[in-house]
Amino acid sequence: MKTFHNPHHALHQGREEMFRGRMVPCHEVPARLDFVLAELQRRPLGALQIPEVDDAALDTAIARVHTPRYTQFLAGAWDEWVAMDPSNAQRDALPSVWPLGNRNAFRTDVLPHNFAARLGLFSFDSGSPLTAGTWAAARGGAACALAAALDVLGGARSAFALTRPPGHHAGADFFGGYCFLNNAAIAAQALRDGGKQRVAVLDVDYHHGNGTQAIFYERADMLTVSIHGDPATEYPFFLGHADERGAGVGEGFNLNLPLPRGTNFATWNAALRQALDAVAAFKADALVVPMGLDTFEGDPISGFTLQSADYFAVGEALASASLPTVFTFEGGYAVDAVGSNAVNLLEGFARAV
Ligand SMILES: [Zn+2]
């Protein structure tokens with residue numbers, strides 16, 4: 001299994017995020033990726049590569065998932081932020097005002113001139129600082145996702161897009177949850193565009209993959225499945241319930257398996273079996289796994305109790321789908337353990353294929 005890692009990831013390094021009413025150091029830090037990379041060097045599963053994808057092909061792959069006005073905003077946001085006040089260069093841009101999306105309370109079709117307004121228009125939380133290097137890092141991550149998809153389209157059984165910032169909370173036109181470009185959706189769409197007829201996304205992060213669900217919600221050629229903390233109590237709160245099954249032609253092609261905080265591996269694993277049954281029933285011909293390791297018992301912001309050794313079994317179960325598979329690196333904030341947990345999962349997969 002090749003790993004495509006993002007050489008630009010450390011350019012995105014937020015200082016602080018709003019967490020439970022106060023500013024705290026960011027949970028999503030460059031060391032997360034460094035620990036996974038170091039573990040892959042210690043326990044190799046295949047080549048470690050920097051993605052080499054054509055700029056125009058990358059732009060196209062991103063544009064298949066994200067809207068032009070959103071990517072144009074992200075690309076220029078830092079320069080705008082600093083142009084407002086040169087001293088802003090010492091601070092990250094954090095949104096603080098949002099249009100309510102679904103109550104006809106505010107307009108979202110008119111693009112405001114005000115930067116703070118656009119920062120809010122294109123985001124859904126205040127936990128995701130936008131920094132000088134955010135766009136370069138996010139684009140580098142999308143390149144990893146595209147390279148991994150192309151590797152699988154070229155015949156590889158599996159590939160790993162090791163990147164941060166993560167992606168599964170980002171929608172077609174918004175960032176949040178530490179995510180800016182939806183790497184899993186970019187990989188899934190690239191697989192579809194490369195000839196795969198039916199692509200399944202099975203999200204195993206602790207948090208619901210709201211961005212991926214929203215992007216593919218009205219699609220019958222993409223099955224989205226997510227196993228996650230119940231949104232009644234867990235982030236991202238406003239999506240991820242069991243009754244969200246897709247819409248229009250996509251009805252029946254979204255499956256949410258919310259589980260209560262405190263869920264152990266036995267119960268989680270039963271949900272994974274259910275998810276894999278859905279993937280098999282869909283007759284997918286490729287699989288994308290947004291791979292979060294924040295289901296780990298030691299995770300500081302999550303609430304399941306999986307142990308490090310359990311991740312071997314998770315990888316093995318995912319391999320049993322017998323599908324060409326792209327993994328994208330998502331959450332996991334127990335930084336010291338994220339490397340071994342990630343590689344345990346991938347090794348469990350690799351051993352079983
Ligand atoms: Zn997560």
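## Briefing on a predicted model with a zinc site

In strand 10, Thr-325, Phe-327 and Phe-329 point one way while Val-326 and Thr-328 point the other way, and all of these residues are buried. The model described here is a predicted one.

**The parallel sheet**

- Because five of the five residues of strand 10 are buried, this strand is largely enclosed by the rest of the structure.
- Strand 5 (residues 158-162) pairs with strand 10 in the parallel sense over four bridges, and within this pairing Ala-161 stands opposite Thr-328.
- Strand 9 (residues 286-291) also runs parallel to strand 10, to which five bridges join it, and here Leu-287 has Thr-325 as its bridge partner.
- Further along the sheet, six bridges pair strand 7 (residues 222-229) with strand 8 in the parallel sense, with Gly-229 standing opposite Leu-259 of strand 8.

**The zinc ion**

- Three residues coordinate the zinc ion at 2.0 to 2.1 Å, namely Asp-205 through OD, His-207 through ND1 and Asp-294 through OD.
- Along the chain, the donors of the zinc ion follow the spacing D-x1-H-x86-D.
- Asp-205 counts as buried because its relative accessibility is 1%, which lies under the 20% cut-off.
- His-207, with a relative accessibility of 7%, likewise counts as buried because this value is under 20%.

**The nonpolar cores**

- The largest nonpolar core holds 51 residues, and those that touch the most other members are Phe-160, Leu-202, Trp-268, Met-291, Leu-318 and Phe-327.
- Helix 8 (residues 265-282) gives the most to this core, contributing nine residues.
- Apart from this core lies another one of 48 residues, which includes Leu-58, Val-65, Ala-145 and Ala-148.
- Phe-327, leaving aside residues up to four places away in sequence, touches Met-1, Ser-158, Ala-159, Phe-160, Ala-161, Val-289, Met-291, Leu-318, Leu-345, Leu-346 and Phe-349.

- Nine of the eleven residues in helix 6 (residues 183-193) are buried, so the helix is largely enclosed by the rest of the structure.
- The buried residues of helix 6 are Asn-183, Ala-184, Ala-185, Ile-186, Ala-187, Ala-188, Gln-189, Ala-190 and Leu-191, and just after this helix Gly-195 takes a positive phi of about 120°.
- Strand 2 (residues 16-19) and strand 3 (residues 22-25) run antiparallel and are joined by four bridges, with Pro-25 in strand 3 as the bridge partner of Glu-16.
- Two residues lie between the strands of this hairpin, where Arg-20 takes a positive phi near 50°.

**The largest pocket**

- The largest pocket contains about 1,600 Å³ of space, and 50 residues line it, with Phe-124, Asp-125, Asn-210, Pro-236 and Phe-238 lying nearest its centre.
- The elements giving two or more residues to this lining are strand 2, helix 4 (115-121) and helix 7 (210-216), and helix 7 gives the most, with four residues.

Terms used. Residues numbered from 1 in each chain as written. Predicted model: local features only at pLDDT ≥ 70, side-chain atom pairs only at ≥ 80, totals over all residues. Heavy atoms only, no water. Donors = N, O, S within 2.8 Å, 3.2 Å for Na, K, Ca; no water. Buried < 20%, exposed > 50% of the residue type's maximum accessible area, 1.4 Å probe, protein only. Pairing = 2+ DSSP bridges. Core = buried A, V, L, I, M, F, W, Y, C linked by side-chain atoms within 4.5 Å. Contact = heavy atoms within 4.5 Å. 1 Å grid on protein atoms, 1.4 Å probe; cavity = no way out; pocket = protein on both sides within 12 Å on 5 of 7 lines; lining within 4 Å. Points joined across faces, edges and corners; volume = space filled by probe spheres on them.
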